[in-house]
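Please have a look at the model on the screen, and then I'll walk you through it.

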Amino acid sequence: MRVTASTYTNLTISSSQSAQAQLATLQQEISTGNSIQSPSDDPSLYSEAAQDQNTLNQLDAYTQAAQTATTMTAQNNTAMTSLHQIVAQAGEYLAGVTSNMTPAQLQNVGTEMQDLVTQLTSVVNQKGSDGSYLFGGTSNVAPVTSSGTYNTGTNGSTTTIDVQANNPVQVSIAAGSSGPPAVDGFLYDSASGTDVLSALTQAVSDLNSGNVTALQGADTTAVNNALTLVSSYVGSTAASMSAVATATTQLSQQSTSEETTINGLVQTNLPTASVQLQQLEMQYQASLEAATRVMNLSILNYMDQVSTP
C-alpha cells in the first residue's frame with residue numbers, strides 16, 4: 001500500500017476532529033458539572049438517575065403540600081388556643097359569682113361575658129387568604145350569625161392533605177352547629193350534648209336576669225363541658241401540627257439523600273476531568289505540530305519533484 005501525502009493529511013484531519021470532539025465533551029462536563037449529558041453517554045446510569053429524579057420530584061411535591069398543611073394546621077391550633085382562653089375566662093367569671101352580688105354587679109359580669117361571645121364569634125368566623133370561612137365546612141358561610149346564633153347553613157365537611165405517601169393529615173376543622181340538622185365540631189358535640197355557644201349565651205342571659213342558682217349550677221357545668229370539648233380540639237390540632245412537622249423533617253432528609261444519589265451518578269469528578277482536559281489539550285497541540293511538520297515536508301517533496309527535469 002502506497003502512503004501518499006494525502007494519506008497523512010486525512011489521518012491528521014480525522015485525528016483532529018476526534019480530539020476536538022473529546023475536548024468539547026470534557027469542557028461541557030466541567031461547565032455543567034454533569035458527566036452524563038444524554039442517555040447515550042451511559043444508558044444504564046442515565047436510567048437509574050432518571051428514576052431517582054422522579055422520586056425526588058415526588059418528594060418535592062409532598063414538601064409543597066406539607067408547607068400548605070403547616071400553614072393550615074397552625075391556623076387551626078391558634079384559633080383553638082384562642083377559643084380555649086375565651087371559654088376558660090367565662091369559667092372564671094362564673095366561679096366568681098356569689099349569692100350576695102347585686103343585680104348591677106351581675107349585669108356588669110354579663111357585659112364582660114357578652115364581650116367573650118363577641119370574641120368567640122370573631123375567632124369562629126375567620127376567613128382564609130382566599131376569602132372563604134375557615135370553619136364553616138364547604139358551605140362557605142359564617143358559622144355564627146351576627147345575632148349570636150348558629151348558622152345552620154354550615155356543614156361538618158373537613159379536608160386532608162397527603163404530606164407523604166399514605167399519610168393524610170387533617171388540615172381543616174368544622175365549627176359545628178346544634179342544628180337542625182346537628183353538625184359535630186368544636187362548638188357542638190352531639191354525643192355529649194356539649195354546646196359551647198349556648199353555654200356562653202345562656203350564662204349572659206342568667207347574669208342579666210340575676211339567676212344565681214342557674215349560674216352556679218347548670219351554667220357552670222355547661223361552661224366546664226365546653227372547655228373540655230375545646231381542649232380536645234387544642235390537642236388534636238396540635239397533634240396535626242406535629243404530624244406535619246415530622247413529615248417535613250423526613251421529606252427533607254429523603255430529598256437530601258436522593259440528591260446525593262443523583263449527584264453521585266451523574267456529577268463530574270472535576271479534578272479528574274480537569275487533568276484529562278489538560279492532557280488532551282497537550283496531546284491535541286502536539287498532534288497539530290506534528291501534522292504541520294509532516295505537511296511541510298510533503299510540500300517540500302512535491303516542490304523538489306516538480307523542479308527535477
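This is a predicted model: local features need pLDDT of at least 70, side-chain atom pairs count only at pLDDT 80 or more; totals for chains, interfaces and linings use all residues.

**The pocket, then the rest**

As a reminder, rolling a probe the size of a water molecule over the atoms shows where empty space is left. In our case a pocket is found on a 1 Å grid over the protein atoms alone, as an open set of points where a 1.4 Å probe fits, with protein on both sides within 12 Å along at least five of seven lines.

Residues are numbered from 1 along each chain as its sequence is written, and side-chain values use heavy atoms, with hydrogens and water left out.

Back to the pocket. Which residues lie nearest its centre? They are Met72, Asp130, Ser132, Tyr133 and Leu134, out of a lining of 20 residues, where a lining residue has an atom within 4 Å of a point. That lining splits into 6 nonpolar, 13 polar and 1 charged residues. Here Ala, Val, Leu, Ile, Met, Phe, Trp, Tyr, Cys and Pro count as nonpolar, Asp, Glu, Lys and Arg as charged, and the others, Gly among them, as polar.

Now the overall layout. The protein chain has 6 helices and 4 strands, and along the sequence they run α-α-α-β-β-β-β-α-α-α. Those are DSSP runs numbered from the N terminus, with helices being H or I of at least four residues and strands being E of at least two. Of the 309 residues in the protein chain, 32% are buried. Buried means under 20% relative accessible area, exposed means over 50%, and partly exposed is in between, using a 1.4 Å probe and protein chains only.

An α-helix has 3.6 residues a turn, so residues three or four places apart point the same way.

Helix 4, residues 196–209, also agrees with expectation: 14 residues should span 20 Å, and its end C-alpha atoms are 20 Å apart. Buried residues there include Val196, Leu200 and Leu207. At its start, a side-chain oxygen of Asp195 comes within 3.4 Å of the backbone nitrogen of Leu197. Just after helix 4, Gly210 has a positive phi of about 80 degrees.

On to the side chains. Thr237 sits in helix 5 and, at 3% relative accessibility, is buried. What does its side chain touch? A polar contact of 3.0 Å joins it to the side chain of Asn77. By polar contact I mean a pair of N or O atoms within 3.5 Å; within protein, one must be able to donate a hydrogen and the other to accept it, and residues adjacent in sequence count only if both atoms are side-chain atoms. Thr73, in helix 2, is buried as well, at 2%, and a polar atom of its side chain lies 3.3 Å from the backbone oxygen of Thr70.

Last, the backbone. Most residues other than glycine have a negative phi, and most peptide bonds are trans. Asn140, in the loop between helix 3 and strand 1, has a positive phi of about 55 degrees. Asn166 has one of about 60 degrees and, at 78% relative accessibility, is exposed. Finally, a cis peptide bond joins Gly179 and Pro180, with omega about 0 degrees, and the bond from Pro180 to Pro181 is cis too, with omega near -5 degrees.

Conventions. The expected span of a helix is 1.5 Å times one less than its number of residues.
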